[in-house]
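Trainee: Please take one part of this model and go through it closely. I would like the geometry there, then what surrounds it, then how it sits in the whole chain.

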Amino acid sequence: MNSTRGVFSNLFGARDSSTCEVCGNHYDKCLKIRIDGKLHVFDCFECAIHALAPACAHCGCRIIGHGMEANGNFFCCAYCATQFGVEGFQDRMKLGLNDEERRTE
Ligand SMILES: [Zn+2]
Ligand SMILES: [Zn+2]
């Protein structure tokens with residue numbers, strides 16, 4: 001098995017496939033994420049998010065859900081998008097609200 005592992009290490013460059021590229025932790029069950037043909041290795045989702053998740057153009061928080069994109073900027077929610085001058089997004093549909101809830105808005 002060692003020789004096979006050696007071949008893969010060479011294919012993917014000097015990086016060890018069991019070493020997190022963010023914190024350097026060695027872990028035998030690392031996450032491997034390929035983006036645009038480049039392999040990224042992380043020991044946990046936290047490190048993967050730190051390295052890969054886009055930041056909201058308004059508040060700077062990491063976008064780990066679907067997020068929103070407009071004019072090349074990413075936003076965590078419709079509110080942040082509107083603060084950036086982007087219109088047309090909605091955070092939630094006003095469906096299923098009863099009259100009592102509707103009156104409080
Ligand atoms: Zn890590
Ligand atoms: Zn935001």
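Mentor: Start with a definition: a donor is an N, O or S atom within 2.8 Å of the metal, for metals other than Na, K and Ca. The model is predicted. The part to look at is the site of the zinc ion (ligand 2).

Along the sequence, the spacing reads C-x2-C-x16-C-x3-C.

Now the angles. The four donor atoms subtend 107 to 116 degrees at the zinc ion (ligand 2), so the arrangement is tetrahedral. The test asks that all angles lie between 85 and 135 degrees. For reference, four ideal tetrahedral donors stand at 109.5 degrees.

Cys80 counts as buried because its relative accessible area is 5%. Cys76 has 29%, so it is partly exposed. The cut-off for buried is under 20%.

Next, the packing. Cys56 and Cys80 also belong to the largest nonpolar core, which has 10 residues. H3 has the largest share, with three residues. In soluble globular proteins, nonpolar side chains tend to be buried together.

Beyond its neighbours within four places in sequence, Ala78 is in contact with Met68, Phe89, Gln90 and Asp91.

The zinc ion (ligand 1) is held by Cys20 (SG), Cys23 (SG), Asp43 (OD) and Cys47 (SG), at 2.1 to 2.3 Å. Its donor residues are spaced C-x2-C-x19-D-x3-C. That site is tetrahedral too, with angles of 95 to 119 degrees. Asp43 is buried because its relative accessible area is 14%. Cys47 is buried as well, at 10%.

Last, the whole chain. There are four helices and four strands, in the order α-β-β-α-β-β-α-α. Buried residues make up 21% of the 105 residues. Of the contacts with a separation of 6 or more, 13% join residues 24 or more positions apart. The accessible surface is about 7900 Å², and carbon and sulfur atoms account for 53% of that surface.

Terms used:
Residues numbered from 1 in each chain as written. Chains lettered and ligands numbered in written order. Predicted model: local features only at pLDDT ≥ 70, side-chain atom pairs only at ≥ 80, totals over all residues. Heavy atoms only, no water. Donors = N, O, S within 2.8 Å, 3.2 Å for Na, K, Ca; no water. Tetrahedral: all angles 85-135°; square planar, octahedral: opposite > 155°, others 65-115°. Buried < 20%, exposed > 50% of the residue type's maximum accessible area, 1.4 Å probe, protein only. Core = buried A, V, L, I, M, F, W, Y, C linked by side-chain atoms within 4.5 Å. Helix = DSSP H or I, 4+ residues; strand = E, 2+ residues; numbered from the N terminus. Contact = heavy atoms within 4.5 Å. Areas by Shrake-Rupley, 256 points an atom, 1.4 Å probe, with all protein chains shown as cover.
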